[in-house]
Amino acid sequence: MPDLTHLQRLEAESIDILREAVAESERPVMLYSIGKDSAVMLRLARKAFYPSRPPFPLLHVDTTWKFRAMYALRERMAQESGMQLLIHKNPEAERLGINPFTHGSATHTDLWKTQGLKQALDQYGFDLAFGGARRDEEKSRAKERVFSFRTAQHRWDPKNQRPELWRLYNARRNPGESIRVFPLSNWTELDIWQYIQQEDIPIVPLYFAAKRPIVERDGLLLMVDDERFPLRDGETPELRSVRFRTLGCYPLTGAVESLADTLPAIIQEMLLARTTERQGRLIDHDSSGSMEKKKTEGYF
Amino acid sequence: MNAQTSLIETDIERYLELHRNKSLLRFITCGSVDDGKSTLIGRLLYEAHALLDDQLGALDADSKRYGTQGDALDFALLVDGLSAEREQGITIDVAYRFFATERRKFIVADTPGHEQYTRNMITGASTADLAVILVDARKGLLTQTRRHSYLASLVGIRRVVLAINKLDLVDWSHGVFAGIEREYRDFAARLGIANIVAIPLSALHGDNMTAPSTNTPWYHGPNLLQHLEQVDIATPADHGPLRMPVQWVNRPDHAFRGFSGRLLGGRVRPGDAVRVLPSGRQSTVARIVTLDGDLDEAVNGQAVTLTLADEIDISRGDVICAAADPAGLADQFEAHLVWMAEQPLLPGRAYLVKLGATMLGASIGPPKYLVDVNTLDHLAAKTLQLNETGVVTLTLDRAVAFDPYAHNRDMGSFIVIDRLGNQTVGAGMLHFALRRSQNIHWQAVEVDKTARVRQNGHRPVVLWLTGLSGSGKSTIANIVERQLHALGARTYLLDGDNVRHGLSKDLGFTAADRVENIRRIGEVARLMVDAGLIVITAFISPFRSERLLARHMVDAGEFIEIFVDTPLAIVEQRDPKGLYKKARKGELKNFTGIDSPYEVPQAPELHIDTTSSDPETAATQIVEYLARHGVIRAPV
C-alpha cells in the first residue's frame with residue numbers, strides 16, 4: 001500500500017480537527033494573524049469544507065501596528081476565500097493611543113492583543129476559536145491540548161485540561177465557556193514551509209529577502225515601515241537586504257540579514273541558522289516563562 | 001556537522017526532495033524519572049538536529065541552573081516544559097516533541113512514570129504506533145516496567161523497544177542485558193506484545209542511540225534511531241474494510257450533497273458498494289471530492305468528501321462501511337474502561353459517550369472486575385477510582401456502528417464525558433457487543449398503555465418532587481395523592497418509607513448509592529407509568545444527572561419535575577427530625593445541603609416556593625397543572 005507521506009498525514013489530521021470542531025460548536029471563528037501559519041491554516045480550512053466555503057468568519061485582532069504588506073495580504077485572502085473578515089481593534093487601546101514605542105511591548109501586547117482578543121470573542125459570542133499555534137514553537141506549548149478549554153474569563157489552566165485520546169475531541173462546554181482549537185499542533189516549522197511550497201500558498205512578501213529601510217536598535221533590526229516610527233538621534237534608516245522569520249507588530253519584530261528570496265533558500269537558511277523563530281519577537285523575552293504566563297491570562 | 005547538514009548547504013532542492021516523502025511515526029516513551037527517559041528524548045532531539053541554537057543556549061543556561069550533570073548539558077531539561085514542573089524536577093503531563101530524519105518525521109509523546117499517572121500514559125499511548133520502554137540496567141524489570149507494558153498493550157500497541165539504559169554502569173555486561181531481555185520477553189508474551197526489539201544503551205553518553213557503539217561489540221541489532229526509522233508502521237485497519245464516520249454533511253447548494261470524514265479503515269474507490277450504519281441503507285460511491293480535484297482512490301487516514309449514487313438520508317455520526325463487510329451495530333458492550341477523574345465512576349449514572357463522530361447517552365454498570373496494573377490480578381470492585389482500569393458493561397441509548405478495538409482502534413474507542421462539568425472522565429475500548437440485550441424482545445402485549453389510558457380516564461405521568469430534606473415534599477405529595485384519588489385517578493406514592501425499607505434497603509447514602517437508589521425508583525416509576533398510574537415520588541434526589549436519567553426513562557411529557565423550594569436556613573430551622581443538627585455535628589455523613597451538594601433544578605415543570613404557600617395550596621397548584629396540561633380532566 002502506498003504509505004501516506006508525513007505532510008498528507010498532518011493535513012488529514014488538521015482537516016479532521018477542523019471538521020470536528022465546527023460540528024461541535026455553535027459559533028466558531030478562525031483567528032487570522034496573516035502570518036505563514038495562518039496562511040496554512042486557512043488553506044486547510046478551505047480543504048476541509050470544500051466545495052462549501054468554510055462555515056465560519058476570519059477574525060483579525062488588529063493592533064494597527066502590523067506591516068503594511070500584511071494588511072494588503074489580509075484583504076486579498078479574505079477576497080479569495082470568500083469568507084467574512086472581521087477586524088477588531090481594542091477601542092480602549094485606540095483611545096489611549098497605545099503603541100510599542102511609548103508604552104513598551106508588554107503593555108502594547110496586553111491591551112491590543114490579549115484584551116482585544118477577549119473583547120472580540122465576547123462581543124461576537126464565539127464559543128470556539130481556531131488558532132495557528134504549534135507545539136514545537138515553545139516549551140509550554142508542547143503540553144497544550146488540540147482542544148484547549150478556557151473558562152468564561154478566557155483563562156487557561158494548565159492543571160485542568162481534558163485528556164485527549166485517539167481522535168476523540170471533547171468540545172463540550174457550558175454557556176460562557178469557550179474552546180481554543182489548534183489544528184496545527186503537530187506541525188513543525190519545517191513542515192509549514194514544506195507545505196507552503198507543495199501547495200504554493202501565498203504568503204506575505206516580507207518573508208522573502210529584499211532591500212528594506214532598517215535601523216538597528218537594542219540588538220534588533222527594525223524596519224521603518226511607515227512615518228509613525230520615531231527615529232532616535234543618530235538613527236538613519238539604511239537599505240539592507242533583510243527578511244522576517246516571523247511577523248508581528250513591525251516595531252516589535254526583528255528582521256534578519258538575508259539574501260534568501262526563494263522558498264528553498266528560506267528553508268535552507270532556516271535549517272542552517274538554527275535559531276527558533278519566536279526569538280525575533282520581543283514579547284517572549286520580557287521575563288522567563290513569559291509565554292506560559294501570557295497563556296494563563298488569555299493570550300493565544 | 002553531518003551528511004544532512006552538508007546536503008542542506010550544497011543542494012537544498014535535493015534535501016527537500018528527500019524530505020518530501022517521509023512517513024510519520026508516533027511513539028511514546030515510558031519509564032521513571034530515574035531511568036533517564038528525558039535524557040533519552042533530549043539526546044534523540046539533539047542527535048537528530050531538532051534542536052536550534054537558541055534552544056541549546058537556553059539548555060546550557062538551564063543545565064547550569066537546575067541541571068544534575070555538572071557543567072555538561074542536561075538533556076532532561078529540554079523535555080520538562082512548564083515552570084512549576086521544572087521546579088519539582090518532574091514531568092507531570094503528556095508533552096509532544098518532534099524531530100525528523102530524511103526517512104521519517106517522529107512525534108514523541110513523553111509520558112510520566114509516576115504511580116498516579118496511568119491517565120497520562122493512556123492518553124499518550126492512544127495515538128502511538130510504538131512504545132519505547134526504558135529499563136535501568138542496574139535495576140532490571142520493575143513493577144512500573146510491567147505496568148507500562150500492560151498499559152501499552154491495553155491501548156493496542158504491539159511494537160515495543162525495550163531500551164535497556166545505563167549499561168555503562170554495569171560495565172557493558174552482555175549477561176545483564178541478555179538476562180533482562182529474556183525476562184521481559186517471557187512477561188510480554190502474556191500481554192500479546194509480539195514485536196520486541198531490545199537495545200543496549202547509554203542515553204547519557206549516546207551509545208547505540210544513533211550509531212553502533214564500540215562498547216557493545218556483542219550487540220548486532222539496530223541502533224535506536226535506525227530501528228525507529230525502519231520499523232513497519234502499518235496498522236490492522238489499513239488492510240481492513242472501509243470505515244468512514246461522517247463528520248459533517250457537506251451541502252454548499254441544492255445540487256451537491258457530500259459526506260465529509262476521515263477514513264478510519266480500508267480504502268475506497270468510486271463505484272464501490274457501501275452500506276451506511278445504523279440505517280443499513282446501501283449505495284455506491286459516486287465521487288471522492290477534494291479541493292485538489294476528485295481522487296481515484298482514498299486510503300485509511302485520508303480526509304475526504306464522498307458523494308453517493310443514491311439520495312439516502314445520512315447525518316453526522318453515521319458510518320459509511322464496505323457493503324460486503326460492514327461494522328457491527330449494537331447498544332450494549334463489554335468494554336475496558338480507564339477512569340480519569342477525581343470523582344469516581346458512579347455505576348448507573350447518566351454519562352455521555354463519544355464514539356467516532358457520535359455523542360450518545362450512556363450508563364456504565366458496576367465493574368465486573370478491575371485490573372491491578374502492577375500484578376495484572378483481577379480484583380472485585382464496585383466502582384473505578386482515578387487511574388483504575390477495569391472491565392464494565394456499557395449501555396448506550398441507541399445502537400451505534402463499531403468494530404472491536406483489537407480490529408480497529410478508532411472504531412472501537414470511546415471517551416466518557418460528565419454531563420454537568422463536561423470533563424472527560426474516562427476512556428474505553430470496546431471488546432464485543434453483548435447479545436443479551438438483543439435477545440430480549442419486548443413481549444407484544446395487546447393491553448397496552450393506550451388501552452389503560454382509555455380505561456382509567458387519565459394519562460399516566462411521574463410527578464417527581466425534589467428538594468432538601470424537610471422542605472415538605474412528603475406532606476405535599478400526600479395531599480396531592482388524596483386530591484387525585486378524590487378525582488378518580490389511579491395513583492401511587494413512592495417515598496422514602498416504602499422504598500428505603502424494601503427495594504433499596506441494601507443501599508446507604510454515598511453518592512454511588514444515591515445514584516443507584518434513584519435509578520431503581522426511576523425503573524419502578526416507569527413500570528407504573530406503563531401500568532397507567534400517576535406516580536408521585538418524594539425524594540431529595542439531589543443530582544441533576546439522576547433526575548435527567550429518571551426523566552429519560554419515560555416518554556416525553558410523562559415526567560413532571562416539581563422543585564419544592566425551601567431555603568436551607570429555613571429547613572434547618574424547622575428540622576422536624578433533628579437531622580440537620582446531627583449532620584452539623586458530623587454525626588450524619590453525606591447529608592444533602594450540609595456536606596453533600598444539592599443541585600438546583602434548572603428548568604423544572606413546576607417551581608413551588610414553600611415560603612409563600614402552605615402545603616394545601618402547593619398541592620392544589622400541582623393538581624391544577626395536571627388539569628391544565630390534559631393529564632386529568634379538570635376538577636369540577
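This is a predicted model: local features need pLDDT of at least 70, side-chain atom pairs count only at pLDDT 80 or more; totals for chains, interfaces and linings use all residues.
Residues are numbered from 1 along each chain as its sequence is written, while chains are lettered from A and ligands numbered from 1 in the order in which they are written.

I then traced the pairing of strand 23 (residues 461–466) with strand 26 (residues 559–565) of chain B, which is parallel and runs over five bridges; strands are DSSP runs of E with at least two residues, and helices are runs of H or I with at least four, numbered from the N terminus, and two strands pair if DSSP finds at least two bridges between them.

I placed that pair in an open, parallel sheet of five strands of chain B, ordered 24-25-23-26-27. Strand 24 (491–495) and strand 27 (606–609) each have a single partner strand, so one side of each is left without a neighbour in the sheet.

I next looked at B:Leu606, which is found in strand 27 of chain B. With 19 C-beta neighbours inside 10 Å, B:Leu606 counts as partly exposed, because that class lies between buried (20 or more other C-beta atoms within 10 Å of its own) and exposed (12 or fewer), with C-beta atoms placed from the backbone. I also recorded that B:Leu606 and B:Phe563 are 43 residues apart in sequence but 6.3 Å apart in space, C-alpha to C-alpha.
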